[in-house]
Amino acid sequence: MKIAFISDIHGSAHWCEKAFEEIDSWGADVIAVLGDVMYHGPRNPLPDGYNPMRVAEILNAHAGRIIAVRGNCDSEVDQMQISYPMMGDSARIICDNRTFFLSHGHIFAPDNLPPLPEGAVFVFGHIH
């Protein structure tokens, strides 16, 4: 199984499209979306190609392959536009007997790890 990890799209349709060009060329089976999908946040400048509705369209077209977690800029309003669950603070993917623990990075982070099984991989975004 091939897993692609993306994070911190912040409403940029331009970069979301570029990411999915790569993801599709790799033939990823699962796409882990690590939060901060549609909104750019009050401290961040508008990203290139800011178009949250287009981002939702792109992601929804791949909903069957997406496992997602909530970022610090994601809200219930965003979930209303997205057709896969995205409001959990964490998720797990088990692949080849290896656990991948997914988090955005604003709750669980390298300096605040959750309890993980031996050999688990901690995957997070948030650092841009």
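**Terms and what backs them**

Author: Start with one residue. Leaving aside neighbours within four places in sequence, alanine 68 is in contact with Val33, Tyr84, Pro85, Met86 and Ala91. Keep in mind that this is a predicted model.

Reader: What makes those residues contacts of alanine 68?

Author: Contact means heavy atoms within 4.5 Å. Val33, Tyr84, Pro85, Met86 and Ala91 meet that for alanine 68.

Reader: Why do cysteine 73 and cysteine 95 count as buried?

Author: The limit is again 20%. Cysteine 73 has 13% relative accessibility, so it counts as buried. Cysteine 95 has 8%, so it counts as buried too.

Reader: What makes the length of helix H1 close to the expected one?

Author: Helix H1 covers residues 13-26, which is 14 residues. From its first C-alpha to its last it reaches 20 Å. The expected span, at 1.5 Å a residue, is 20 Å. The two values are close. Just after H1, glycine 27 takes a positive phi of about 75 degrees.

Reader: Which residues of H1 are buried, and why do they line one face of the helix?

Author: Ala13, Cys16, Phe20 and Ile23 are buried. Seen down the axis of H1, they fall within an arc of 85 degrees, so they line one face. Residues three or four places apart point the same way, because an α-helix has 3.6 residues a turn. The face of H1 turned away from the buried side carries Glu21 and Ser25, which are exposed. What covers the buried residues of H1 includes strand S1 (3-6), strand S2 (30-33) and helix H2 (52-60).

Reader: And why do the buried residues of H2 line one face?

Author: Pro52, Val55, Ala56, Ile58 and Leu59 are buried in H2. Down the axis of H2 they fall within an arc of 165 degrees, so they line one face of the helix. They pack against S1, H1 and strand S3 (66-68).

Reader: How do you know that S1 and S2 pair?

Author: Pairing takes at least two bridges. S1 and S2 have four, in the parallel sense. Phenylalanine 5 stands opposite alanine 32 in S2. The chain crosses from S1 through H1 to S2, and this β-α-β crossover is right-handed.

Reader: What makes S2 and S3 a pair?

Author: Three bridges join S2 to S3, and the strands run parallel. At least two are needed. Alanine 32 stands opposite isoleucine 67 in S3. From S2 the chain crosses through H2 to S3, in a right-handed β-α-β crossover.

Reader: Which way do the residues of S2 point?

Author: Val30 and Ala32 point one way. Ile31 and Val33 point the other way. All of them are buried.

Reader: What makes the phi of histidine 10 worth a look?

Author: Most residues other than glycine have a negative phi. Histidine 10 is not a glycine, yet its phi is positive, about 50 degrees. This residue is found in the loop between S1 and H1. Its relative accessible area is 5%, so histidine 10 is buried.

Reader: Where is asparagine 97 found, and why does it count as buried or exposed?

Author: Asparagine 97 is found in the loop between strand S4 (90-95) and strand S5 (98-103). Exposed means over 50%. Asparagine 97 has 81% relative accessibility, so it counts as exposed. Its phi is positive, about 65 degrees, although it is not a glycine.

Technical notes
Residues are numbered from 1 along each chain as its sequence is written. This is a predicted model: local features need pLDDT of at least 70, side-chain atom pairs count only at pLDDT 80 or more; totals for chains, interfaces and linings use all residues. Side-chain values use heavy atoms; hydrogens and water are left out. Helices (H or I, at least four residues) and strands (E, at least two) are DSSP runs, numbered from the N terminus. The expected span of a helix is 1.5 Å times one less than its number of residues. Buried means under 20% relative accessible area, exposed over 50%, partly exposed in between (1.4 Å probe, protein chains only). The arc is that of the directions from the helix axis to the C-beta atoms. A crossover is right-handed if, with the strands pointing away from the viewer, the path from the first strand over the helix to the second runs clockwise.
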